[in-house]
Amino acid sequence: MQPLHWFVLALAVLVIALVIRGLRIVQQAEVVIIERLGKYHTTLTSGINIIWPFFDKPRKIIWRFLVPGAGGEPASYILREMDRIDLRETVYDFPRQNVITADNVLIEINALLYFQITDPIKAVYEINNLPDAIEKLTQTSLRNIIGELSLDQTLTSRDTINQKLRILLDEATDKWGVRINRVELQDIMPPPDIRIAMEKQMRAERDRRAVILEAEGQKRAVILQAEGKREAQIAEAEGSKQSEILRADGEAGAIQRVANAEAEAIRAITKAVGDGGADPTKYLIALKYLDALKEMAGGNTNKVVFLPFEATGILSSLGGIKELLQEKA
């Protein structure tokens with residue numbers, strides 16, 4: 001082979017190597033920061049990109065990875081340099097840390113942090129070790145927030161702490177090109193003696209609520225029974241009242257009908273007797289006397305008939321009837 005052929009072959013190999021080194025394929029939701037001769041040049045986005053080999057170099061960034069534990073050991077995080085920046089939302093699970101509350105109680109807290117890189121240039125040039133910076137910032141911010149709260153407030157204000165911590169971290173990491181989407185406190189562990197005291201307190205509180213609920217139930221039952229008894233008595237009284245009213249109305253109607261019948265009879269007798277010139281009053285009185293004597297003598301045990309001391313009225317009445325009968329005859 002001639003020297004010229006070797007030269008052409010070497011040139012072709014060099015061109016192919018340059019093309020391979022200059023061709024960059026970036027996946028979706030990833031970017032690559034390119035520096036030319038040590039200075040920022042461009043940002044490669046997803047797809048096929050071409051750079052100048054030996055002149056353009058990707059700027060590496062430190063990233064945190066979760067590595068599964070071997071042989072049953074728990075998983076651990078490691079830091080590794082990479083030339084691609086992941087723009088997807090990332091979650092960091094921070095280990096437990098000791099925090100002192102405002103009432104001097106030492107507790108352990110671990111938190112989850114969801115964040116996303118919104119400006120890759122700032123994430124590369126504004127901070128040296130982004131995962132470590134986010135972790136330290138989260139720990140210090142969490143200590144500051146918990147230090148202003150008592151133990152009871154810390155246990156009952158988890159959502160408030162999450163929201164406050166997210167706002168603080170988001171404001172602090174904005175210059176790093178990072179947006180904090182969410183912060184979640186996982187476990188808040190007080191000391192063992194505090195947990196025992198809290199369990200006793202919760203048990204006593206549950207017992208107290210049970211006693212109160214039972215007493216309120218009994219009170220309500222007694223009230224309902226009294227109300228039912230009162231309503232029953234009222235209904236019974238209303239029924240008796242209506243019954244008496246209806247009975248009185250019936251008796252009044254009967255008396256009225258009897259009175260009307262007697263009045264009609266009296267008018268008929270007055271008319272019949274008055275036409276004969278006799279006194280109808282005597283006639284009626286005589287009839288009443290006769291009815292009374294009939295009832296007195298009609299009993300099975302009555303063997304003696306009592307006459308009024310003044311019997312002239314009766315005799316005169318009987319005489320009136322006799323006269324009336326004679327006149328009619």
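A residue is called buried under 20% relative accessible area, exposed over 50%, and partly exposed in between (1.4 Å probe, protein chains only). The structure in the viewer is a predicted model, in which local features need pLDDT of at least 70, side-chain atom pairs count only at pLDDT 80 or more, and totals for chains, interfaces and linings use all residues. Residues are numbered from 1 along each chain as its sequence is written, and side-chain values use heavy atoms, with hydrogens and water left out.

Begin by selecting Arg 96, which is partly exposed at 45% relative accessibility. Arg 96 sits in the loop between β9 (90–93) and β10 (97–100), Asp 187 in strand β12 (residues 178–189), and the two are 91 residues apart. Strands (E, at least two residues) and helices (H or I, at least four) are DSSP runs, numbered from the N terminus. Include Glu 108 in the selection to display a network of salt bridges with Arg 96 and Asp 187.

Next, select Glu 30 and Arg 84, a salt bridge whose closest N and O atoms are 3.9 Å apart. Glu 30 belongs to strand β2 (residues 30–36) and Arg 84 to the loop between β7 and β8, so the pair ties together parts that are 54 residues apart in sequence. Glu 30 is buried, at 16% relative accessible area, whereas Arg 84 is partly exposed at 24%.

Finally, select Phe 7 in helix α1 (residues 3–22). Phe 7 is exposed, with a relative accessible area of 54%.

Terms used. A salt bridge is a side-chain nitrogen of Lys or Arg within 4 Å of a carboxyl oxygen of Asp or Glu.
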